[in-house]
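Open the model in your viewer and keep the selection tool ready. The tour goes stop by stop.

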Amino acid sequence: MTTSAPSARDQETATTEAVSLPWLLTETTLIQALGTAAVLTVPALAPAVAVTLGVPSSFVGYQVGLVYLAAMVSSLVGGALVARWGPCRTGQTAMALAAGGSLLVSIPHLGGMVAGSLAIGFAYGLINPSASDLLQRHSPPHRRNLLFSVKQTGVPIGGILAGLVGAPMAVALGWSAVLWAVAAACLVLMFALQRGRAKLDAHANASTRLLRSSILGLETIRSDRSLLLLAASSFCFSAIQLCLVAFLVVLLVEDLQLGLVEAGMILAAVQVMGAVGRLLWGYVADRIRSGLAVLTGLAALMAVMSVVILFVSPDWPLWTVIVAFMGLGLTGVGWNGVYLSEVARLSPLRAVGSVTGTAMFVTFAGVLVGPTIFSFVHARIGSYIGSYGVLTVLALVGGALAAATWIRDRRSTAAAGAD
């Protein structure tokens with residue numbers, strides 16, 4: 001167990017004014033959940049949306065790509081907006097953009113789909129910089145990983161809302177009604193966030209230069225080798241996560257000859273395990289006081305589970321197939337909270353939002369590149385199961401980067417202790 005003394009960054013965090021942690025955690029988790037629901041509603045309803053627009057259902061791949069491209073851009077300026085407006089106001093802005101984007105997407109026209117997808121992506125890129133600033137300033141260091149991980153459960157919660165709530169509503173009222181409901185929820189939360197905003201945004205500086213603040217995040221990561229390595233590891237981890245979720249159903253149906261309903265249930269189980277993993281690994285990281293050790297271990301487990309899946313076949317009992325994919329879900333979908341907590345811990349407090357935004361730019365890049373590489377490999381070998389070799393390589397590379405970050409952090413802590 002690593003038992004290093006609180007860092008200067010931790011001590012700086014502890015000096016901030018205390019706020020209600022239950023309210024803060026509820027606020028940031030709900031923002032994450034509704035932002036994710038806005039992102040995933042169209043993919044969850046793709047067949048119905050495609051019929052209305054007169055396009056093939058495969059269009060959803062382009063729509064998701066558009067969302068994440070916009071998220072990459074806005075994540076770079078998200079920290080600057082946090083510095084200038086404050087994290088709470090930035091969260092409100094994210095909800096306003098998500099609401100507006102959902103309303104635009106609900107218009108049965110490709111122009112509305114494009115404009116709305118961009119707005120939703122811009123909203124999504126603002127969420128983590130604002131939430132990380134809030135949680136880093138107001139979370140006790142010994143509970144930071146768990147609190148960040150609780151907030152990240154908003155991602156699977158948003159997915160559940162889009163799939164389990166959105167689908168029946170679309171059948172009863174039409175797919176546009178689902179997006180209206182998402183927009184309404186975002187607006188309600190936006191106004192609810194006004195409570196306590198003055199305290200949460202007290203450190204905002206209206207004179208902050210947006211371009212200079214945005215560059216600060218880039219400069220900080222470029223000059224801090226630990227942050228650079230950690231951000232690079234997230235590229236690999238996010239690629240693994242998106243490949244798992246995006247290709248799981250088609251793998252189960254085409255390679256293992258399972259029914260669509262069975263495949264959907266296994267996908268839901270993987271998402272649930274991802275939520276469980278976020279809480280579990282956050283708790284473990286706080287207990288051993290080393291989120292970087294947890295990320296290194298998770299990468300090793302991702303590699304092991306990916307190798308196991310390389311040997312999955314239709315002859316395997318169904319329960320063993322389910323266990324294998326749930327194991328990968330526990331690790332490959334459960335890393336996010338610990339990662340964001342470590343990015344915040346390693347960042348100067350004044351630059352948490354900017355650094356998180358820049359780090360998320362790298363993370364979102366993995367979201368875009370990972371499935372592309374996976375599809376490229378599948379096109380050549382003709383097997384989704386065999387393509388899991390890509391995930392094994394990504395896990396090994398991500399684990400090496402996380403381990404290098406961990407080693408550097410231990411050396412830095414030891415040097416600080418000697419001083």
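Select isoleucine 157. It is partly exposed, with a relative accessible area of 38% (partly exposed lies between buried, under 20%, and exposed, over 50%, with a 1.4 Å probe and protein chains only). Isoleucine 157 sits in helix H8, residues 154–173 (helices are DSSP runs of H or I, at least four residues, numbered from the N terminus).

This is a predicted model: local features need pLDDT of at least 70, side-chain atom pairs count only at pLDDT 80 or more, and totals for chains, interfaces and linings use all residues. Residues are numbered from 1 along each chain as its sequence is written, and side-chain values use heavy atoms, leaving out hydrogens and water.

Next, select helix H7, residues 144–152. Seven of its nine residues are buried, so the helix is largely enclosed by the rest of the structure. Among the buried residues are Leu147 and Phe148.

Move to tryptophan 335. It lies in the loop between helix H15 (318–332) and helix H16 (336–346). Is tryptophan 335 buried or exposed? It is buried, with a relative accessible area of 1%. Show what it touches: Ser234, Phe237 and Met302 are among the residues in contact, not counting those up to four places away in sequence (contact means heavy atoms within 4.5 Å). A polar atom of the tryptophan 335 side chain lies 3.1 Å from the backbone oxygen of glycine 332.

Last stop: aspartate 255, in helix H12 (residues 225–255). A polar atom of its side chain lies 2.9 Å from the backbone nitrogen of isoleucine 385. Aspartate 255 also touches Pro314 and Ser383, among others.

Technical notes
Helix = DSSP H or I, 4+ residues; strand = E, 2+ residues; numbered from the N terminus. Polar contact = N/O pair within 3.5 Å; in protein donor to acceptor, adjacent residues only side chain to side chain.
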